[in-house]
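Dear colleague,

I am passing on a structure that I would like you to look over. Please have a look at the chain below, after which I set out what was found in it.

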Amino acid sequence: QVQLVESGGGLVQAGGSLRLSCVASGRTFSKYDMGWFRRPPGKERESVATISRSGTPSYVDSVKGRFAISRDNAKNTVYLQMNSLNPEDTAVYYCARRLIPGAPFGSWGQGTQVTVST
């Protein structure tokens, strides 16, 4: 069973940066689209950024120009570089994957907490 393990969260001041990592077990990482999602306190989970198996990124409007998603297939890892963080970015961040384009993402990791202070 594939496992996704996120890391890199923490407490940061507004304007700061963090880089999240998500390592996937298994040997078929390159065949999957990967995504980062977040659940702010008291809110629903939302998509933040996705990257296709061919490396094409996509972002929610609120993070465009501040966040960058990338992947290293040799390391079975997807990253989320987060710059110019603001308190509205506070959330538990999750990674997930999907095999079929357009299908729902699944195989959720346990999440990593990001807290942005003023």
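What follows concerns the salt bridges.

This is a predicted model, in which local features need pLDDT of at least 70 and side-chain atom pairs count only at pLDDT 80 or more, while totals for chains, interfaces and linings use all residues. Residues are numbered from 1 along each chain as its sequence is written, and side-chain values use heavy atoms, with hydrogens and water left out.

Taking a salt bridge as a side-chain nitrogen of Lys or Arg within 4 Å of a carboxyl oxygen of Asp or Glu, the count comes to 6. One of them joins D33 to R98, with the closest N and O atoms 3.1 Å apart; this pair links distant parts of the chain, since D33 is in strand β4 (residues 33-39) and R98 in strand β9 (residues 91-98), 65 residues apart. Strands here are DSSP runs of E, at least two residues long, numbered from the N terminus. Both D33 and R98 are buried, meaning under 20% relative accessible area with a 1.4 Å probe and protein chains only.

R38, also in strand β4, pairs with D89 in the loop between β8 (77-82) and β9, 51 residues away, and their closest N and O atoms are 3.0 Å apart. The relative accessible area is 4% for R38 and 1% for D89.

D89 additionally forms a salt bridge with R66 at 2.8 Å, N to O. R66 lies in the loop between β6 (57-59) and β7 (67-72), so this pair ties together parts that are 23 residues apart in sequence. R66 is buried, as is D89. Finally, R38, E46, R66 and D89 are linked in a network of salt bridges.

Notes. Helices (H or I, at least four residues) and strands (E, at least two) are DSSP runs, numbered from the N terminus. Buried means under 20% relative accessible area, exposed over 50%, partly exposed in between (1.4 Å probe, protein chains only).
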